[in-house]
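Please keep the coordinates open while you read the points.

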Amino acid sequence: MSRALRQALSLLLLACLPALATALWHPRRPAWQSDEVTLSAATAWGSAVLWVDARPDADFARAHIPGAVPLNEDHWDDQLNALLDQWTAKRKIVVYCSSLSCQASHDVARRLRDEAAMPNVFVLQGGWEAWRKQHAP
Amino acid sequence: MFKRLLLLFLLPLAARADLRWTDTTVFTAASPSEGRATAQFTFTNTGAYPIKITATRTSCGCTAAVADTRPILPGQVGKIDVSFKTLNRRGLYEEPIEIDTNDPTASLNTVTLRVLIRDAVELLPTLLFWQPGEPLTPKIIDISATDGFDVTKINTASSSPDVQLDLATIKPGADYKLTVTPKSPHVKATISITPVVTGHLPHTITAHIRVS
């Protein structure tokens with residue numbers, strides 16, 4: 001029994017080695033912490049949240065989360081300039097796009113974090129669809 | 001009975017069109033000023049029946065996919081041309097493209113376009129801010145030339161006279177430091193950084209300055 005247990009532990013240890021190497025050095029390793037935030041968590045932050053809408057301008061014009069500012073990559077510099085007028089380092093930025101499957105919110109969040117070095121940047125899980133479902137009349 | 005069962009198993013195999021992708025992931029690199037990055041996905045119909053692409057879907061308006069509209073006969077090669085908007089974009093993008101076909105065994109296919117968008121130089125960071133009450137001490141933007149670009153000079157300009165810029169060359173053609181000093185307690189400015197690159201048209205990158 002103890003021999004079987006030893007063997008099982010040895011196998012587990014062996015499996016951990018490539019996993020650890022992947023976690024440390026793989027160029028596309030998954031993040032230790034997710035940058036996503038649920039709608040209920042983001043809403044609980046209240047006025048500390050600066051909602052950022054990463055959808056195309058036409059979608060933003062049709063409807064958006066109240067108080068949200070547009071920031072899509074087609075008009076990056078102009079819209080970032082306008083966003084900064086409403087931003088302070090204490091505010092939490094929550095970026096959203098259309099739905100769970102869209103990638104634009106992650107791309108915008110990545111650029112705010114990596115290029116602009118802004119702190120507290122999150123992505124809304126489920127995006128605009130999640131917000132609309134909760135606030136549908 | 002046995003023959004009927006055999007037919008039942010063999011018929012779906014015979015009807016199989018079979019689509020083989022050359023690559024399901026294609027990597028390309030471009031600069032923002034190019035406007036578009038393009039790539040092509042190809043597949044071979046290795047089955048016995050024609051294959052038709054019935055629809056393509058991309059995850060954002062930044063990607064467009066145009067597929068062969070003609071039926072791809074057995075043994076023939078079909079293609080899907082994909083283009084990705086690079087203007088104002090930077091970094092690595094992964095765009096999934098969903099492709100519907102009339103092949104019942106592979107009606108939905110997903111291929112991925114990976115695009116690396118790089119300017120001639122990289123700025124870090126692109127935003128400098130001074131919080132309320134923070135002393136207006138200088139802050140630095142690191143400017144580094146991207147591999148493959150021959151940077152001969154860096155031009156800088158501020159939209160506000162209340163921002164002083166001092167550019168230092170650390171390693172010619174490779175590394176520079178831009179020291180930014182606000183001269184007023186309320187400054188909102190943009191800094192234009194334009195590298196002069198051999199063989200390329202000038203392309204300006206913007207950094208933002210905020211003093212609350």
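**Notes on the two chains**

1. Start with a pairing in chain B. Strand β9 (residues 121-124) and strand β11 (residues 139-145) of chain B run antiparallel and are joined by four bridges. Within β11(B), B:Ala145 is the bridge partner of B:Val121. Bear in mind throughout that this is a predicted model.

2. β11(B) also pairs with strand β14 (residues 175-182) of chain B. The sense is antiparallel, and the pairing covers six bridges. Look for B:Ser144: B:Asp175 of β14(B) stands opposite.

3. Next, the open sheet in chain B. Four strands make it up, in the order β1-β3-β6-β5, with antiparallel pairing. Which strands stand at the edges? They are β1 (19-21) and β5 (63-67) of chain B. Each has a single partner strand, so one side of each lacks a neighbour in the sheet. On average, neighbouring strands of this sheet are turned by 25° against each other, direction ignored.

4. β5(B) is joined by five bridges to strand β6 (residues 77-85) of chain B, and the two run antiparallel. B:Thr63 has B:Phe84 in β6(B) as its bridge partner.

5. Now the nonpolar cores. The largest nonpolar core holds 48 residues. Those that touch the most other members are A:Val52, A:Ala54, A:Ile93, A:Val94, A:Val95, A:Val108 and B:Val82. A second, separate core has 22 residues, including B:Ala120, B:Val180, B:Ile193 and B:Ala207. As background, nonpolar side chains tend to be buried together in soluble globular proteins.

6. A:Val94 deserves a separate look. Leaving out residues up to four places away in sequence, what does A:Val94 touch? The list is A:Val37, A:Ala42, A:Val49, A:Trp51, A:Val52, A:Phe122 and A:Leu124.

7. Then the contact between the chains. It involves 21 residues of chain A and 18 residues of chain B. On the chain A side, α4 (76-84) and α5 (104-114) are the elements that give two or more residues. The largest share, five residues, comes from α4(A). By class, this side of chain A divides into 10 nonpolar, four polar and seven charged residues.

8. Last, the layout of chain A. Domain 1 spans 1-30 and domain 2 spans 36-135. How far apart do the C-alpha centres of the two domains of chain A lie? The separation is 38 Å.

How values were computed:
Residues are numbered from 1 along each chain as its sequence is written. Chains are lettered from A and ligands numbered from 1 in the order in which they are written. This is a predicted model: local features need pLDDT of at least 70, side-chain atom pairs count only at pLDDT 80 or more; totals for chains, interfaces and linings use all residues. A nonpolar core is a set of buried Ala, Val, Leu, Ile, Met, Phe, Trp, Tyr and Cys residues joined through C-beta atoms within 7 Å. A residue is buried if 20 or more other C-beta atoms lie within 10 Å of its own, exposed if 12 or fewer, and partly exposed in between; C-beta atoms are placed from the backbone. Two residues are in contact if their C-beta atoms, placed from the backbone, lie within 7 Å. Domain bounds come from an automatic or database domain assignment. Two strands pair if DSSP finds at least two bridges between them. Axes are lines fitted to C-alpha atoms, for helices over the stretch in contact, and angles run from 0 to 180 degrees between N-to-C directions. Ala, Val, Leu, Ile, Met, Phe, Trp, Tyr, Cys and Pro count as nonpolar, Asp, Glu, Lys and Arg as charged, and the others, Gly among them, as polar.
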